[in-house]
Amino acid sequence: MAISIDRAVGVGGVSVSLIGTGIVVLWPDKRWLGWVFIGLGMFIAVLAMVWALARWHTRQEFERKDQNLLQPLAKPAAHVEATHGGVHVNVGTISQHADQHSSIPEPQPQQNIQRVLIEPGLAQIEHTKTDRYTGEVANLYRSTSDDPDNILVDTDVAFAKFRRDDDSPVPSVKAKATIEFLNPKGESCFTVDRAYWWAKDDEHGTGAWFGAGDTQKMIIALVGSEGRVFPYSGHYVAVDRVGLGFRQEFVLEPRDSPLTAKEYLVRIEITGTKDGVRRVKQSFEYDLIVRPRPEFKLRLG
């Protein structure tokens, strides 16, 4: 998370003032250093004023656009014409008789919504790396990089792949998913409200973009020793500052309460939107078998 420029200006101004005061105390005869810090102070002051003016101008532009959007687009009632069955009727002429007739709602035209089709792909248990302290599944970069502190450990992880397969003209759609774990009795044991999609070289995210023919990989669960199942549900928290941003650390929510049954029905529901319109809503069912050997596969039929 990058620091805001107004905060950076404030921190820079305080730093320059403190450093300049220290130099005056330690080296009072260094006049050229005084000019340097005067210049830095003036530069920070100008930068702060330019930033304030830019923010004020941007806010005015947004307010002007909002006012334009709120202005009615229709003509005055006395001049509005409605079309019904090819006949134009002057609304102003018949407005005085409107209370004598029951209003009949006109049928709304149906939008031609282009649907996007997501197909299930390979589902399996992979022997991969996870963080021994947080439970985060390692991405491709961390899996292949040096690990001098021995943080990464081998773990069985259930993954499911999905591929977009349609002829829709929609260029891309952002998909999100939920994962529900049910025991053999059909009772819900755990629900992942925000499923994580695997990322190659960044933090795993709860949304994945599907372009035409794209394949994305979803993290389902960690299968630990003694048949324990940890649904991959969690969130990232900031733990310390790195430069102008923060280093984030994953928190596996069911770490202290794993599932212990021998097998599960795993139900995945994927939804996707584009331009505020839902283009995808599909569900798939899988079998997660823990013992005697971990297995994860798509349920057919």
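Analyst: Helices (H or I, at least four residues) and strands (E, at least two) are DSSP runs, numbered from the N terminus, and Leu26 belongs to helix α1, residues 5-26. This is a predicted model in which local features need pLDDT of at least 70 and side-chain atom pairs count only at pLDDT 80 or more, while totals for chains, interfaces and linings use all residues. Residues are numbered from 1 along each chain as its sequence is written, and side-chain values use heavy atoms, leaving out hydrogens and water.

User: How many helices and strands does the protein have, and is Leu26 buried or exposed?

Analyst: The protein has 4 helices and 15 strands. Buried means under 20% relative accessible area, exposed over 50%, and partly exposed in between (1.4 Å probe, protein chains only); Leu26 counts as exposed because its relative accessibility is 59%. Of the 301 residues of the protein, 28% count as buried.

User: What is the average pLDDT of the protein?

Analyst: The predictor's confidence in each residue, pLDDT, runs from 0 to 100; the protein averages 78, and 72% of the residues score at least 70.

User: Which residues form the aromatic cluster?

Analyst: Rings of Phe, Tyr and Trp (its six-membered ring) pair if their centres lie within 6.5 Å, with planes under 30 degrees apart counted as stacked, over 60 as edge-to-face and the rest as tilted. The whole structure holds 10 aromatic pairs. Phe162 and Trp197 form an edge-to-face pair, 6.2 Å centre to centre with 70° between the planes; because Phe162 lies in strand β4 (residues 152-164) and Trp197 in strand β7 (residues 196-197), the pair ties together parts 35 residues apart in sequence. Both Phe162 and Trp197 are buried. Phe162, Trp197, Phe210 and Phe284 form one aromatic cluster.
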